[in-house]
Amino acid sequence: MTALYDTRAAAVTTAATAADQQPYEYVRRELVEPDWRRYPGWRDVTDAQWRDAQWQRSHCVKNAKQLRAVVGDLLTERFYDDLAADQQNLATMSMLLPPQMLNTMAISAELTPEAFTEAFYADPVRRYMLPVASDRMTAWASHPHSARDSLHEAEMWVVEGLTHRYPTKVLAEMVSTCPQYCGHCTRMDLVGNSTPQIDKHKLLLKPVDRQDAMIDYLKRTPGVRDVVVSGGDVANMPWPQLESFLMRLLDIPTVRDVRLATKALAGMPQHWIQPKVVEGLERVARTAHRRGVNLAIHTHVNHAQSVTPLVAEAARTALDVGVRDVRNQGVLMRGVNNTAENLLDLCFALQGEANILPYYFYMCDMIPNAEHWRLAVWEAQELQHAIMGYLPGYATPRIVCDVPYVGKRWVHQLSEYDRELGISYWTKNYLTSVDRATSAVGADLLAQRYPYYDPIYTLDQAGQNWWANQGD
(Lines give C-alpha, C1' and ligand atoms only; values in the text may rest on other atoms or scores of the structure.)
Protein backbone atom coordinates (compact mmCIF):
# COMPACT_ATOMS: atom_id res chain seq x y z
CA MET A 1 0.00 0.00 0.00
CA THR A 2 2.83 2.37 0.86
CA ALA A 3 4.59 1.57 -2.42
CA LEU A 4 1.39 2.27 -4.37
CA TYR A 5 0.91 5.57 -2.52
CA ASP A 6 4.51 6.54 -3.24
CA THR A 7 4.01 5.75 -6.93
CA ARG A 8 0.88 7.90 -7.12
CA ALA A 9 2.56 10.73 -5.24
CA ALA A 10 5.49 10.59 -7.62
CA ALA A 11 3.09 10.72 -10.58
CA VAL A 12 1.36 13.80 -9.13
CA THR A 13 4.74 15.45 -8.54
CA THR A 14 5.80 14.68 -12.12
CA ALA A 15 2.55 16.12 -13.48
CA ALA A 16 2.98 19.27 -11.41
CA THR A 17 6.54 19.65 -12.64
CA ALA A 18 5.36 19.23 -16.24
CA ALA A 19 2.67 21.87 -15.66
CA ASP A 20 5.29 24.25 -14.32
CA GLN A 21 7.20 23.80 -17.57
CA GLN A 22 4.37 24.57 -19.99
CA PRO A 23 5.65 26.69 -22.90
CA TYR A 24 2.83 29.17 -22.28
CA GLU A 25 1.02 29.87 -19.02
CA TYR A 26 -2.41 31.43 -19.26
CA VAL A 27 -3.12 34.18 -16.74
CA ARG A 28 -6.33 36.13 -17.05
CA ARG A 29 -5.67 39.84 -17.52
CA GLU A 30 -8.61 42.21 -17.31
CA LEU A 31 -8.66 44.98 -19.87
CA VAL A 32 -7.46 48.45 -18.92
CA GLU A 33 -7.82 51.75 -20.77
CA PRO A 34 -4.39 53.42 -20.53
CA ASP A 35 -4.42 56.89 -18.99
CA TRP A 36 -4.12 59.33 -21.88
CA ARG A 37 -3.40 62.14 -19.42
CA ARG A 38 0.18 60.91 -19.11
CA TYR A 39 0.83 62.69 -22.39
CA PRO A 40 1.46 66.43 -21.86
CA GLY A 41 -0.81 67.44 -24.74
CA TRP A 42 -3.79 65.49 -23.38
CA ARG A 43 -3.44 66.39 -19.71
CA ASP A 44 -6.78 68.18 -19.64
CA VAL A 45 -8.77 65.87 -21.94
CA THR A 46 -11.95 64.69 -20.21
CA ASP A 47 -13.53 61.25 -20.28
CA ALA A 48 -16.39 62.65 -22.37
CA GLN A 49 -13.99 64.08 -24.93
CA TRP A 50 -12.09 60.81 -25.15
CA ARG A 51 -15.29 58.85 -25.85
CA ASP A 52 -16.33 61.29 -28.56
CA ALA A 53 -15.65 60.05 -32.10
CA GLN A 54 -15.46 63.54 -33.55
CA TRP A 55 -12.88 64.55 -30.94
CA GLN A 56 -10.85 61.47 -31.84
CA ARG A 57 -10.99 62.27 -35.55
CA SER A 58 -10.13 65.95 -35.14
CA HIS A 59 -7.15 65.15 -32.89
CA CYS A 60 -5.51 62.49 -35.07
CA VAL A 61 -1.74 62.85 -35.37
CA LYS A 62 -0.83 63.47 -39.01
CA ASN A 63 2.76 64.71 -38.79
CA ALA A 64 5.73 65.11 -36.48
CA LYS A 65 4.63 68.57 -35.38
CA GLN A 66 1.31 67.22 -34.13
CA LEU A 67 3.05 64.27 -32.47
CA ARG A 68 5.32 66.71 -30.65
CA ALA A 69 2.30 68.72 -29.51
CA VAL A 70 0.94 65.60 -27.79
CA VAL A 71 4.06 63.86 -26.55
CA GLY A 72 6.34 66.86 -26.22
CA ASP A 73 9.81 66.30 -24.81
CA LEU A 74 9.00 62.74 -23.73
CA LEU A 75 10.48 61.80 -27.10
CA THR A 76 14.01 62.88 -27.83
CA GLU A 77 15.09 64.54 -31.08
CA ARG A 78 16.57 61.21 -32.16
CA PHE A 79 13.08 59.78 -32.61
CA TYR A 80 11.67 62.81 -34.41
CA ASP A 81 14.63 62.78 -36.82
CA ASP A 82 14.15 59.04 -37.38
CA LEU A 83 10.46 59.56 -38.10
CA ALA A 84 11.14 62.39 -40.54
CA ALA A 85 13.67 60.26 -42.43
CA ASP A 86 11.15 57.46 -42.80
CA GLN A 87 8.32 59.71 -43.95
CA GLN A 88 10.55 61.38 -46.50
CA ASN A 89 12.41 58.38 -47.90
CA LEU A 90 10.73 55.06 -47.10
CA ALA A 91 7.12 55.19 -45.91
CA THR A 92 4.44 53.80 -48.21
CA MET A 93 1.67 55.19 -45.97
CA SER A 94 1.18 58.73 -44.75
CA MET A 95 0.89 59.26 -41.01
CA LEU A 96 -2.60 59.09 -39.51
CA LEU A 97 -2.75 58.03 -35.90
CA PRO A 98 -5.93 58.36 -33.80
CA PRO A 99 -5.49 59.25 -30.14
CA GLN A 100 -6.89 55.81 -29.24
CA MET A 101 -4.02 54.09 -31.08
CA LEU A 102 -1.30 56.41 -29.78
CA ASN A 103 -2.58 55.87 -26.25
CA THR A 104 -1.90 52.13 -26.46
CA MET A 105 1.83 52.70 -27.07
CA ALA A 106 4.48 52.60 -24.32
CA ILE A 107 1.73 52.26 -21.73
CA SER A 108 4.04 51.47 -18.80
CA ALA A 109 7.02 53.60 -19.76
CA GLU A 110 8.79 55.80 -17.27
CA LEU A 111 7.97 59.42 -18.09
CA THR A 112 11.49 60.69 -18.63
CA PRO A 113 12.78 61.47 -22.15
CA GLU A 114 15.43 58.76 -22.42
CA ALA A 115 13.35 56.01 -20.79
CA PHE A 116 10.18 56.91 -22.68
CA THR A 117 11.99 57.13 -26.01
CA GLU A 118 13.52 53.69 -25.57
CA ALA A 119 10.15 52.21 -24.59
CA PHE A 120 8.48 53.95 -27.54
CA TYR A 121 11.05 52.54 -29.95
CA ALA A 122 10.49 49.04 -28.60
CA ASP A 123 6.71 49.24 -28.48
CA PRO A 124 4.97 46.64 -30.73
CA VAL A 125 2.02 48.89 -31.66
CA ARG A 126 4.35 51.75 -32.52
CA ARG A 127 6.40 49.45 -34.75
CA TYR A 128 3.61 49.08 -37.29
CA MET A 129 1.49 52.20 -36.72
CA LEU A 130 4.35 54.72 -36.57
CA PRO A 131 7.37 53.20 -38.35
CA VAL A 132 10.72 54.98 -38.39
CA ALA A 133 13.71 54.67 -40.70
CA SER A 134 15.81 52.66 -38.25
CA ASP A 135 13.09 49.95 -38.16
CA ARG A 136 13.58 49.10 -41.82
CA MET A 137 16.11 46.78 -43.36
CA THR A 138 19.18 48.40 -44.89
CA ALA A 139 19.87 45.41 -47.16
CA TRP A 140 16.86 43.89 -48.92
CA ALA A 141 14.45 46.57 -47.67
CA SER A 142 12.09 45.37 -50.43
CA HIS A 143 11.95 41.90 -51.89
CA PRO A 144 12.78 41.82 -55.63
CA HIS A 145 9.25 40.45 -56.21
CA SER A 146 7.48 43.01 -54.03
CA ALA A 147 4.73 45.04 -55.69
CA ARG A 148 2.51 48.00 -54.91
CA ASP A 149 -0.62 45.89 -55.40
CA SER A 150 0.99 42.68 -54.22
CA LEU A 151 -2.23 40.63 -54.35
CA HIS A 152 -3.26 41.97 -57.79
CA GLU A 153 -6.63 43.02 -56.42
CA ALA A 154 -7.13 45.87 -58.91
CA GLU A 155 -6.26 43.49 -61.72
CA MET A 156 -9.25 41.42 -60.61
CA TRP A 157 -11.73 44.31 -60.49
CA VAL A 158 -14.89 43.38 -62.36
CA VAL A 159 -16.10 46.94 -61.85
CA GLU A 160 -14.10 49.69 -60.18
CA GLY A 161 -13.40 48.68 -56.58
CA LEU A 162 -15.00 45.22 -56.77
CA THR A 163 -12.43 42.41 -56.66
CA HIS A 164 -13.73 38.99 -57.73
CA ARG A 165 -10.95 36.59 -56.84
CA TYR A 166 -12.76 33.65 -55.24
CA PRO A 167 -15.66 31.84 -56.97
CA THR A 168 -18.32 32.72 -54.38
CA LYS A 169 -16.84 35.83 -52.73
CA VAL A 170 -16.08 39.42 -53.67
CA LEU A 171 -14.31 42.33 -52.01
CA ALA A 172 -15.99 45.73 -52.30
CA GLU A 173 -13.59 48.63 -51.79
CA MET A 174 -16.02 51.39 -50.87
CA VAL A 175 -13.56 54.15 -49.98
CA SER A 176 -9.82 54.69 -50.27
CA THR A 177 -9.33 56.17 -46.80
CA CYS A 178 -9.25 54.94 -43.19
CA PRO A 179 -9.46 56.59 -39.76
CA GLN A 180 -5.88 55.34 -39.26
CA TYR A 181 -3.08 54.21 -41.56
CA CYS A 182 -1.08 51.09 -40.75
CA GLY A 183 2.48 51.12 -42.07
CA HIS A 184 2.16 47.61 -43.54
CA CYS A 185 -1.13 48.25 -45.40
CA THR A 186 -1.60 45.67 -48.14
CA ARG A 187 -3.63 48.22 -50.15
CA MET A 188 -0.95 50.89 -49.95
CA ASP A 189 -1.30 51.24 -53.73
CA LEU A 190 -4.73 52.84 -53.31
CA VAL A 191 -5.38 53.71 -49.68
CA GLY A 192 -4.41 57.00 -48.07
CA ASN A 193 -2.56 60.08 -49.18
CA SER A 194 0.41 59.93 -51.51
CA THR A 195 3.86 59.88 -49.93
CA PRO A 196 7.16 61.09 -51.40
CA GLN A 197 7.77 57.48 -52.53
CA ILE A 198 4.28 56.43 -53.64
CA ASP A 199 1.89 58.36 -55.85
CA LYS A 200 -1.37 56.65 -54.91
CA HIS A 201 -3.91 55.49 -57.44
CA LYS A 202 -7.40 56.94 -57.15
CA LEU A 203 -10.95 55.67 -57.42
CA LEU A 204 -12.32 57.55 -60.43
CA LEU A 205 -16.05 56.91 -60.35
CA LYS A 206 -18.36 58.92 -58.15
CA PRO A 207 -19.29 56.88 -55.06
CA VAL A 208 -22.93 56.53 -56.14
CA ASP A 209 -21.93 55.33 -59.61
CA ARG A 210 -19.38 52.87 -58.20
CA GLN A 211 -21.95 51.47 -55.78
CA ASP A 212 -24.56 51.16 -58.55
CA ALA A 213 -22.05 49.24 -60.68
CA MET A 214 -21.23 46.89 -57.79
CA ILE A 215 -24.89 46.16 -57.06
CA ASP A 216 -25.60 45.61 -60.74
CA TYR A 217 -22.72 43.11 -61.03
CA LEU A 218 -23.88 41.18 -57.97
CA LYS A 219 -27.42 40.99 -59.31
CA ARG A 220 -26.05 39.60 -62.57
CA THR A 221 -23.71 37.14 -60.84
CA PRO A 222 -25.78 34.80 -58.66
CA GLY A 223 -22.76 32.59 -57.92
CA VAL A 224 -21.48 35.26 -55.51
CA ARG A 225 -22.93 34.72 -52.05
CA ASP A 226 -20.37 36.48 -49.80
CA VAL A 227 -19.51 40.20 -49.90
CA VAL A 228 -16.72 41.76 -47.86
CA VAL A 229 -17.50 45.48 -47.57
CA SER A 230 -14.18 47.17 -47.06
CA GLY A 231 -11.93 49.89 -48.40
CA GLY A 232 -10.05 51.60 -46.87
CA ASP A 233 -12.31 51.31 -43.87
CA VAL A 234 -16.11 51.40 -43.85
CA ALA A 235 -15.90 53.62 -40.76
CA ASN A 236 -14.90 56.41 -43.16
CA MET A 237 -18.15 56.15 -45.12
CA PRO A 238 -20.91 58.50 -44.00
CA TRP A 239 -23.29 56.16 -42.19
CA PRO A 240 -26.37 56.90 -44.34
CA GLN A 241 -24.38 55.95 -47.47
CA LEU A 242 -23.07 52.74 -45.91
CA GLU A 243 -26.48 51.75 -44.56
CA SER A 244 -28.08 52.36 -47.95
CA PHE A 245 -25.50 50.17 -49.69
CA LEU A 246 -25.89 47.40 -47.11
CA MET A 247 -29.67 47.43 -47.45
CA ARG A 248 -29.30 47.12 -51.23
CA LEU A 249 -26.97 44.16 -50.71
CA LEU A 250 -29.52 42.52 -48.44
CA ASP A 251 -32.13 42.91 -51.17
CA ILE A 252 -30.13 40.55 -53.42
CA PRO A 253 -31.46 37.05 -52.66
CA THR A 254 -28.23 35.28 -53.61
CA VAL A 255 -26.11 37.26 -51.12
CA ARG A 256 -25.97 35.21 -47.91
CA ASP A 257 -22.94 36.61 -46.05
CA VAL A 258 -21.97 40.25 -45.53
CA ARG A 259 -18.81 41.19 -43.69
CA LEU A 260 -17.91 44.76 -42.68
CA ALA A 261 -14.15 45.31 -42.56
CA THR A 262 -13.07 47.97 -40.08
CA LYS A 263 -9.78 48.43 -38.28
CA ALA A 264 -11.57 51.33 -36.56
CA LEU A 265 -13.29 48.94 -34.15
CA ALA A 266 -9.86 48.80 -32.49
CA GLY A 267 -8.27 52.01 -33.79
CA MET A 268 -11.25 54.25 -33.10
CA PRO A 269 -13.89 52.26 -31.22
CA GLN A 270 -15.58 55.56 -30.41
CA HIS A 271 -16.98 55.53 -33.96
CA TRP A 272 -18.80 52.26 -33.40
CA ILE A 273 -20.46 53.34 -30.14
CA GLN A 274 -21.96 56.56 -31.52
CA PRO A 275 -25.76 56.42 -31.11
CA LYS A 276 -26.45 57.17 -34.80
CA VAL A 277 -24.11 54.36 -35.89
CA VAL A 278 -25.43 51.89 -33.32
CA GLU A 279 -29.04 52.63 -34.28
CA GLY A 280 -28.21 52.23 -37.97
CA LEU A 281 -26.27 49.02 -37.39
CA GLU A 282 -29.25 47.61 -35.52
CA ARG A 283 -31.53 48.37 -38.48
CA VAL A 284 -29.14 46.56 -40.81
CA ALA A 285 -28.69 43.63 -38.42
CA ARG A 286 -32.44 43.17 -38.00
CA THR A 287 -32.93 43.22 -41.75
CA ALA A 288 -30.12 40.70 -42.22
CA HIS A 289 -31.61 38.41 -39.56
CA ARG A 290 -35.07 38.64 -41.09
CA ARG A 291 -33.68 37.68 -44.49
CA GLY A 292 -31.44 34.91 -43.16
CA VAL A 293 -28.17 36.69 -44.03
CA ASN A 294 -25.09 36.35 -41.81
CA LEU A 295 -23.82 39.83 -40.89
CA ALA A 296 -20.37 40.04 -39.28
CA ILE A 297 -17.74 42.65 -38.48
CA HIS A 298 -14.09 41.90 -39.19
CA THR A 299 -11.53 44.03 -37.42
CA HIS A 300 -7.73 44.12 -37.33
CA VAL A 301 -5.84 43.93 -34.03
CA ASN A 302 -2.19 42.88 -33.92
CA HIS A 303 -1.23 43.13 -30.25
CA ALA A 304 -2.93 42.66 -26.90
CA GLN A 305 -2.12 46.23 -25.88
CA SER A 306 -4.67 47.45 -28.41
CA VAL A 307 -7.53 45.52 -26.77
CA THR A 308 -8.98 47.98 -24.26
CA PRO A 309 -12.36 48.33 -22.50
CA LEU A 310 -13.53 50.71 -25.24
CA VAL A 311 -12.72 48.12 -27.90
CA ALA A 312 -14.62 45.51 -25.90
CA GLU A 313 -17.56 47.90 -25.55
CA ALA A 314 -17.66 48.50 -29.30
CA ALA A 315 -17.63 44.75 -30.01
CA ARG A 316 -20.25 44.01 -27.35
CA THR A 317 -22.48 46.78 -28.68
CA ALA A 318 -22.36 45.35 -32.21
CA LEU A 319 -23.27 41.91 -30.89
CA ASP A 320 -26.05 43.34 -28.72
CA VAL A 321 -27.78 44.95 -31.71
CA GLY A 322 -27.73 41.73 -33.71
CA VAL A 323 -24.44 41.42 -35.57
CA ARG A 324 -23.77 37.70 -35.69
CA ASP A 325 -20.00 37.74 -35.08
CA VAL A 326 -17.12 40.12 -34.51
CA ARG A 327 -13.90 38.53 -35.77
CA ASN A 328 -10.26 39.54 -35.87
CA GLN A 329 -7.93 39.31 -38.85
CA GLY A 330 -4.44 40.17 -37.65
CA VAL A 331 -1.17 40.31 -39.54
CA LEU A 332 1.97 38.46 -38.47
CA MET A 333 4.81 40.95 -38.09
CA ARG A 334 8.31 40.67 -36.75
CA GLY A 335 8.77 42.78 -33.65
CA VAL A 336 5.01 42.99 -33.13
CA ASN A 337 3.51 39.54 -32.58
CA ASN A 338 5.93 36.92 -33.92
CA THR A 339 6.07 34.82 -30.76
CA ALA A 340 3.58 32.28 -29.47
CA GLU A 341 3.24 34.30 -26.27
CA ASN A 342 2.36 37.47 -28.20
CA LEU A 343 -0.25 35.65 -30.27
CA LEU A 344 -1.82 33.78 -27.38
CA ASP A 345 -1.94 36.87 -25.16
CA LEU A 346 -3.74 38.67 -27.99
CA CYS A 347 -6.12 35.80 -28.66
CA PHE A 348 -7.10 35.48 -25.01
CA ALA A 349 -7.63 39.24 -24.75
CA LEU A 350 -9.84 39.15 -27.85
CA GLN A 351 -11.77 35.98 -27.14
CA GLY A 352 -11.89 36.04 -23.35
CA GLU A 353 -12.30 39.73 -22.63
CA ALA A 354 -13.68 41.47 -25.72
CA ASN A 355 -15.97 38.88 -27.41
CA ILE A 356 -13.93 39.13 -30.62
CA LEU A 357 -13.20 35.80 -32.30
CA PRO A 358 -9.54 35.26 -33.29
CA TYR A 359 -10.01 34.28 -36.91
CA TYR A 360 -6.94 34.73 -39.10
CA PHE A 361 -3.37 35.87 -38.90
CA TYR A 362 -2.09 36.75 -42.33
CA MET A 363 1.53 36.71 -43.29
CA CYS A 364 2.54 40.29 -44.10
CA ASP A 365 2.22 40.89 -47.83
CA MET A 366 5.11 41.62 -50.17
CA ILE A 367 4.73 45.37 -50.53
CA PRO A 368 7.76 47.67 -50.87
CA ASN A 369 9.86 48.45 -47.78
CA ALA A 370 8.08 45.81 -45.69
CA GLU A 371 10.78 43.13 -45.34
CA HIS A 372 11.55 44.02 -41.72
CA TRP A 373 7.98 43.01 -40.83
CA ARG A 374 7.71 39.84 -42.90
CA LEU A 375 8.28 36.30 -41.64
CA ALA A 376 9.39 33.24 -43.58
CA VAL A 377 6.80 30.54 -44.21
CA TRP A 378 8.62 28.11 -41.91
CA GLU A 379 8.42 30.67 -39.08
CA ALA A 380 4.67 30.98 -39.60
CA GLN A 381 4.35 27.19 -39.59
CA GLU A 382 6.18 27.00 -36.26
CA LEU A 383 3.88 29.65 -34.79
CA GLN A 384 0.79 27.77 -35.92
CA HIS A 385 2.11 24.66 -34.19
CA ALA A 386 2.98 26.61 -31.04
CA ILE A 387 -0.48 28.11 -30.48
CA MET A 388 -2.45 24.89 -30.95
CA GLY A 389 -4.20 23.39 -27.93
CA TYR A 390 -4.46 26.47 -25.73
CA LEU A 391 -7.59 28.13 -27.11
CA PRO A 392 -10.98 26.57 -27.85
CA GLY A 393 -10.81 24.95 -31.25
CA TYR A 394 -13.30 27.39 -32.78
CA ALA A 395 -11.22 30.30 -31.44
CA THR A 396 -7.83 29.04 -32.55
CA PRO A 397 -6.79 31.29 -35.43
CA ARG A 398 -5.51 29.93 -38.71
CA ILE A 399 -2.26 31.39 -39.94
CA VAL A 400 -2.56 31.95 -43.67
CA CYS A 401 -0.40 33.00 -46.57
CA ASP A 402 -2.20 35.16 -49.13
CA VAL A 403 -0.48 33.91 -52.26
CA PRO A 404 -0.56 36.23 -55.30
CA TYR A 405 -3.03 34.95 -57.94
CA VAL A 406 -4.09 32.16 -55.57
CA GLY A 407 -5.59 33.53 -52.37
CA LYS A 408 -5.54 32.50 -48.74
CA ARG A 409 -3.85 29.20 -47.94
CA TRP A 410 -3.07 27.69 -44.55
CA VAL A 411 0.67 27.89 -44.12
CA HIS A 412 1.00 24.11 -44.20
CA GLN A 413 -0.81 23.80 -47.55
CA LEU A 414 2.20 24.52 -49.77
CA SER A 415 3.00 21.92 -52.39
CA GLU A 416 6.78 22.42 -52.40
CA TYR A 417 9.28 24.49 -50.42
CA ASP A 418 12.83 25.38 -51.37
CA ARG A 419 14.18 26.47 -48.00
CA GLU A 420 17.59 27.43 -49.37
CA LEU A 421 16.17 30.00 -51.79
CA GLY A 422 13.12 30.81 -49.65
CA ILE A 423 10.63 30.00 -52.40
CA SER A 424 7.43 28.12 -51.62
CA TYR A 425 5.05 26.88 -54.30
CA TRP A 426 1.26 26.79 -54.02
CA THR A 427 -1.66 25.55 -56.10
CA LYS A 428 -5.30 26.60 -56.28
CA ASN A 429 -8.58 24.81 -56.82
CA TYR A 430 -10.60 27.55 -58.55
CA LEU A 431 -10.27 30.18 -61.25
CA THR A 432 -10.06 33.89 -60.52
CA SER A 433 -11.68 36.56 -62.67
CA VAL A 434 -8.27 37.08 -64.31
CA ASP A 435 -8.08 33.37 -65.17
CA ARG A 436 -11.59 33.35 -66.61
CA ALA A 437 -10.73 36.30 -68.82
CA THR A 438 -7.82 34.46 -70.46
CA SER A 439 -7.97 31.92 -73.23
CA ALA A 440 -5.89 29.41 -71.27
CA VAL A 441 -7.37 26.04 -70.45
CA GLY A 442 -8.73 25.98 -66.90
CA ALA A 443 -7.24 22.58 -66.10
CA ASP A 444 -3.78 23.89 -66.93
CA LEU A 445 -4.25 26.86 -64.60
CA LEU A 446 -5.36 24.60 -61.77
CA ALA A 447 -2.21 22.53 -62.21
CA GLN A 448 0.03 25.60 -62.18
CA ARG A 449 2.29 26.30 -59.20
CA TYR A 450 2.46 29.86 -57.89
CA PRO A 451 5.52 31.11 -55.97
CA TYR A 452 5.74 32.98 -52.68
CA TYR A 453 9.00 34.34 -51.30
CA ASP A 454 10.55 34.40 -47.83
CA PRO A 455 12.45 37.51 -46.74
CA ILE A 456 15.96 37.13 -48.12
CA TYR A 457 17.68 38.01 -44.85
CA THR A 458 16.10 34.90 -43.26
CA LEU A 459 17.99 32.65 -45.69
CA ASP A 460 21.34 30.98 -45.18
CA GLN A 461 24.30 32.63 -46.86
CA ALA A 462 24.05 30.41 -49.95
CA GLY A 463 20.48 31.54 -50.53
CA GLN A 464 21.34 35.19 -49.98
CA ASN A 465 24.22 34.89 -52.44
CA TRP A 466 21.90 33.36 -55.05
CA TRP A 467 19.50 36.27 -54.78
CA ALA A 468 22.36 38.78 -54.84
CA ASN A 469 23.48 37.36 -58.17
CA GLN A 470 20.06 37.46 -59.83
CA GLY A 471 20.58 40.98 -61.11
CA ASP A 472 23.90 40.13 -62.79
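For the class counts, I take Ala, Val, Leu, Ile, Met, Phe, Trp, Tyr, Cys and Pro as nonpolar, Asp, Glu, Lys and Arg as charged, and the others, Gly among them, as polar. I am working on a predicted model.

**Entry: second largest pocket**

I began with the second largest pocket. By that scheme its lining has six nonpolar, two polar and three charged residues. The volume is about 190 Å³. I listed the lining: Tyr166, Pro167, Tyr360, Arg398, Val400, Lys408, Arg409, Trp410, Gln413, Asn429 and Tyr430. Which strands each supply at least two residues of this lining? I found strand S9 (398-403) and strand S10 (407-410). S10 gives the largest share, three residues.

**Entry: largest pocket**

Next I looked up the largest pocket. I noted a volume of about 430 Å³. It is lined by 20 residues, and the closest to its centre are Arg29, Glu30, Ala304, Gln305 and Ala349. I sorted the lining of the largest pocket by class: ten nonpolar, four polar and six charged.

**Entry: domains**

I then turned to the division of the chain. The protein splits into domain 1 (36-135) and domain 2 (154-393). How far apart do the C-alpha centres of domain 1 and domain 2 lie? I read 24 Å. Their contact draws 32 residues from domain 1 and 43 residues from domain 2.

**Entry: cavities**

How many cavities of 30 Å³ or more are there? I count two.

Gln87, Ala91, Met93, Ser94, Met95, Leu96, Met129, Leu130, Pro131, Tyr181, Cys182 and Gly183 line it.

The largest cavity came next. I noted about 850 Å³ of space in it. Its lining takes 38 residues, and Thr186, Arg187, Ser230, Gln329 and Tyr362 are the closest to its centre. By class I have 16 nonpolar, twelve polar and ten charged residues for the lining of the largest cavity.

I also checked which strands reach the largest cavity. These each supply at least two residues of its lining:

- strand S2 (162-166) and strand S3 (169-173)
- strand S4 (226-230) and strand S5 (257-261)
- strand S6 (294-299) and strand S7 (325-332)
- strand S8 (357-363)

**Entry: a helix pair**

Last, I looked at helix packing. Two packed helices are described by the angle between their axes and the distance between the axes.

Which residues make the contact? On the H10 side I have Trp239, Glu243, Leu246, Met247 and Leu250. On the H13 side I have Lys276, Val277, Gly280, Leu281, Arg283, Val284, Thr287 and Ala288. The contact of H10 with H13 has eight nonpolar, two polar and three charged residues.

Conventions: Residues numbered from 1 in each chain as written. Predicted model: local features only at pLDDT ≥ 70, side-chain atom pairs only at ≥ 80, totals over all residues. Heavy atoms only, no water. Contact = heavy atoms within 4.5 Å. Helix = DSSP H or I, 4+ residues; strand = E, 2+ residues; numbered from the N terminus. 1 Å grid on protein atoms, 1.4 Å probe; cavity = no way out; pocket = protein on both sides within 12 Å on 5 of 7 lines; lining within 4 Å. Points joined across faces, edges and corners; volume = space filled by probe spheres on them. Domains from an automatic or database assignment.
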